[in-house]
Amino acid sequence: MSDAKIYGVVLAGGIGSRMGNQDKPKQYLLVGDKPILIHTLEKFYIESDFEKVIVLCPKEWIGHTKNLVKKYLKDDGERVVVIPGGETRNETIMNAIDFIDSEGNLDDQTIIVTHDSVRPFVTKRIIDENIKYAREVGACDTAMPATDTIVISEDNEVISEIPERKKMYQGQTPQTFQAMKLKSLYESLSDEEKSILTDAAKIFVMKGERVHIVEGEVFNIKITYPYDLRVAEALIGGSIN
């Protein structure tokens, strides 16, 4: 499968509601001297395996995103393509697959590496292992063994179950898939099944398909809350990127 087309897919559709009263989605907030999105894109831009990097964002932010890519990456659409996202995370991923199809590069071997735009500390090792296991297995997910005990509550008030911690993992991204297989499985879901999805890897799990675990990193954080911005500033200052 050495001639398989591989695309980076950066999901920048969030509005950052948990970040507080911001005038822009969190992926456009500055960390250090650059927007979070640009820190993330830099990790994908230098990955030579990628045919292109597709950025999916809200329609009203497409022009701004293209300007940022041109300013910081000096790319005018040759390797980084900015297109609209969908109503949900998985519809956004389907938009990326449709774009790849429109380029004539969608076949059984096409790989997509999907990643949160607000996880700027992803490493080359994580990306490379995602590509490796998606080729071998069809799907993989980046995750870390849980360090805290996980509790389950059916009613959000009383503990229903405390599962064994050694079986628990905390999900990160990238999540990487053979694109046509993902599209086929997604289209086979009922509307009810689609309504309970939290991410694309769950599609494979629901359909009984294997999803390989790629070990993440503690510092591969998702910037969600104001506190995370301070942590990210400290990581940038310590040059963990």
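This is a short chat about a few residues in a predicted model.

Biologist: Where does Thr 40 sit?

Modeller: Thr 40 belongs to helix H1, which spans residues 36-45.

Biologist: Buried or exposed?

Modeller: Thr 40 is buried, because its relative accessible area is 0% and buried means under 20%.

Biologist: What does the side chain of Thr 40 have 2.7 Å from a polar atom?

Modeller: The backbone oxygen of Ser 117 is at that distance from a polar atom of the Thr 40 side chain.

Biologist: Which residues does Thr 40 touch, not counting those up to four places away in sequence?

Modeller: Val 10 and Pro 120 are among them, and so is the run of His 115, Asp 116, Ser 117, Val 118 and Arg 119.

Biologist: Now Thr 142. Which strand is that in?

Modeller: Thr 142 is in strand E7, which covers 139-145. Thr 142 also counts as buried, at 0% relative accessibility.

Biologist: Which backbone oxygen does the side chain of Thr 142 reach?

Modeller: That of Pro 174, at 2.7 Å. Pro 174 is in strand E8.

Biologist: And what else is in contact with Thr 142, leaving aside neighbours within four places in sequence?

Modeller: The contacts include Gln 170, Gly 171, Gln 172 and Thr 173, as well as Pro 174. Ile 126, Asn 130 and Val 214 are also among them.

Biologist: Back to Pro 174. Is the peptide bond that joins Thr 173 and Pro 174 cis or trans?

Modeller: The bond between Thr 173 and Pro 174 is cis, with omega about 15°. Most peptide bonds are trans.

Biologist: Change of topic. Which residues form a nonpolar patch on the surface?

Modeller: Val 151, Ile 159 and Ile 162 form one, with about 280 Å² of accessible area together.

Biologist: Where is Val 151 found?

Modeller: Val 151 is in the loop between strand E7 and strand E8 (169-178). Val 151 is partly exposed, because its relative accessible area is 46%, and that class lies between 20% and 50%.

Biologist: What about Asn 156, where does that lie?

Modeller: Asn 156 also lies in the loop between E7 and E8. Asn 156 counts as exposed, at 72% relative accessibility. Phi of Asn 156 is positive, near 65°.

Biologist: Last one. What is phi of Lys 74 near?

Modeller: Phi of Lys 74 is near 55°, a positive value in a residue other than glycine. Most residues other than glycine have a negative phi. Lys 74 is in the loop between helix H2 (62-73) and strand E5 (80-84), and Lys 74 is exposed, with a relative accessible area of 67%.

Key:
Residues are numbered from 1 along each chain as its sequence is written. This is a predicted model: local features need pLDDT of at least 70, side-chain atom pairs count only at pLDDT 80 or more; totals for chains, interfaces and linings use all residues. Side-chain values use heavy atoms; hydrogens and water are left out. Helices (H or I, at least four residues) and strands (E, at least two) are DSSP runs, numbered from the N terminus. Buried means under 20% relative accessible area, exposed over 50%, partly exposed in between (1.4 Å probe, protein chains only). A polar contact is a pair of N or O atoms within 3.5 Å; within protein, one must be able to donate a hydrogen and the other to accept it, and residues adjacent in sequence count only if both atoms are side-chain atoms. Contact means heavy atoms within 4.5 Å. Patches are made of residues with over 30% relative accessible area and no salt bridge: like charges are joined within 9 Å, nonpolar side chains (Val, Leu, Ile, Met, Phe, Trp, Tyr) within 5 Å. Accessible areas come from the Shrake-Rupley method with a 1.4 Å probe; for residues, only the protein chains shown count as cover. A salt bridge is a side-chain nitrogen of Lys or Arg within 4 Å of a carboxyl oxygen of Asp or Glu.
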